[in-house]
Each structure stands twice: as C-alpha cells, then as structure tokens.
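Hi,

Here is the structure I promised to pass on.

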Amino acid sequence: MAGNALDSKYNIQRPQADPRNVDILYQLVQDEIKIQKDWNEAWINRRVLTQFLQANVTVEESFEVFKQFCNWRLQFKVDQIDKYDPEIMAEHSIGRVKFSDKRDVAGRPVAYMYPRYHNKYHGNEESLNKYIIYCLEELCKLSDQFEESDGKFSFVIDLDGFSLQNMDYPSVKKMVWFLKNCYPERLGVCLFINYPWIFYSCWAIIKCFLNDVTRSKFFFCEKDEYREFIGLEMS
C-alpha cells in the first residue's frame, strides 16, 4: 500500500498488462519451450511474463523479446554465474554494490551502489558486465521471495565522493539495456543521495538513455524523501 501511495504522489509510471494477454503469452511460451529444449522452465512464470508485457505492450513484441531473453541467458550462461566465481568475487571486493538486509517501504529488496569505488578506466568490460548480471540476478531472487515486493527491487546510489573519474557512461548504458531487455519492470525506484552539483550534468546525459516510464522511477532525494521511500534515516 505504501508503494502505491508513493507511486501516486511522485507520478511514478507502472504499466499494466491485460490478464488475457498474459494467458496468451504464457501459452505461446509453453509451445515454444517444447521446441527450445535448452530453455529452463524456471525462467517461465506468469509474473515474469506479465513484466515483459508491461514493458513491451503487445503480445507479439513481448514474445519476441522474451525469446531473445531466453537465448541471451543461454549464450551468457547466466544460470552458472554465482558468488563463488573468481571474477564475481574480485568485482564484489571493490565495494561498488552492497545488498541491504532491509527492504524499502514497498517490501522491495534494496541494493546500495557507491560510484566512488568505480574507475571508468577499469579496462575489463566483460568482467564488469558479468558482475552487473550477477547483482541483478541476486536482486530478482530476493524480490521473488516476498509477494509484497511485486517482483521488483530498488537501488540507492550514494554519490558521496563522486567525481567524473567515476562516470562510466558505457557501463550505465549497458545496465539500462539489461533492465529494459532482460529484467523489464523489475525496477521499483532508483534514488540518488548525497549528490554533488557536478552530477547534474551527468544526469542530463543519463536520462536520455531512459524511456519515460523508467525515468519516472529516478529521484534526487533529500532526507525526507529518502525516509519516505526506504523507511530509514539517511546516513
């Protein structure tokens, strides 16, 4: 309920899907999995298909994007990525991302991001993309554990200590691509906190990567807004 009230207060767009179209899409996917023997049935449930419909509107487009999603999971061996992977352990040790043991006021899991620990000249795009996928997969698992989360998760981006050395536009574009094509309508909200004035010029570019629906979920937060969304005091 708290999440719905905040959606209304802050004009957050949450597309809806016709349940009849979910049924049609589900049947199409069930027929397809009989052909695509390598697909994992664990990838397919009505909530996920609803999210693809919310993001892509028509059954036909949603079906095509979902097929691409399944083939992407196979190509990049997403199911085999885990926290014991040496690349994941190395990336995680940098401290860019921390998973909170608290949930936001809508019951969604929260990941805190710290751009100050990221160097845009990291030089290992493949490893970083793998780590992004790992983080998104972990958040999906956490969000799917609780019905009240509605299959969504939230980000808090702490920009304390941020400089242009940390601003990695290609990685941001890749993250947006993942959210749009592989994890549609999974994002609850994304909150910027402790932001310096220099980040406004970066945001002017970043927001161009986002469609109107996704952009409506991003907020520059002071203490009161942070408390509204997260239910905690800002540190």
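A quick word on naming: helices (H or I, at least four residues) and strands (E, at least two) are DSSP runs, numbered from the N terminus. This is a predicted model, where local features need pLDDT of at least 70 and side-chain atom pairs count only at pLDDT 80 or more, while totals for chains, interfaces and linings use all residues. Residues are numbered from 1 along each chain as its sequence is written, and side-chain values use heavy atoms, with hydrogens and water left out.

Let's begin with Ala17, which sits in the loop between helix H1 (2-9) and helix H2 (19-35). Ala17 is in contact (heavy atoms within 4.5 Å) with Val22, Thr50, Leu53 and Gln54, leaving aside residues up to four places away in sequence.

Now the cavity. The term means a set of points, on a 1 Å grid over the protein atoms alone, where a 1.4 Å probe fits but cannot get out; lining residues have an atom within 4 Å of a point. Grid points are joined across faces, edges and corners, and the volume is the space filled by probe spheres set on the points. Searching the whole structure gives one cavity of 30 Å³ or more, and the largest cavity has a volume of about 660 Å³. Its lining has 32 residues, with Met113, Ile157, Ser171, Val172 and Met175 nearest the centre. H6 gives the largest share of that lining, six residues. By class, the lining has 27 nonpolar (Ala, Val, Leu, Ile, Met, Phe, Trp, Tyr, Cys and Pro), three polar and two charged residues (Asp, Glu, Lys and Arg count as charged, the others, Gly among them, as polar).

On to the salt bridges (a side-chain nitrogen of Lys or Arg within 4 Å of a carboxyl oxygen of Asp or Glu): the structure holds 19. One of them pairs Lys9 with Glu228, closest N and O atoms 2.7 Å apart. Lys9 is in helix H1 and Glu228 in helix H10 (residues 223-230), so this pair ties together parts that are 219 residues apart in sequence.

Finally, Arg47, Asp144 and Arg186 are linked in a network of salt bridges.

Cheers

Technical notes: 1 Å grid on protein atoms, 1.4 Å probe; cavity = no way out; pocket = protein on both sides within 12 Å on 5 of 7 lines; lining within 4 Å.
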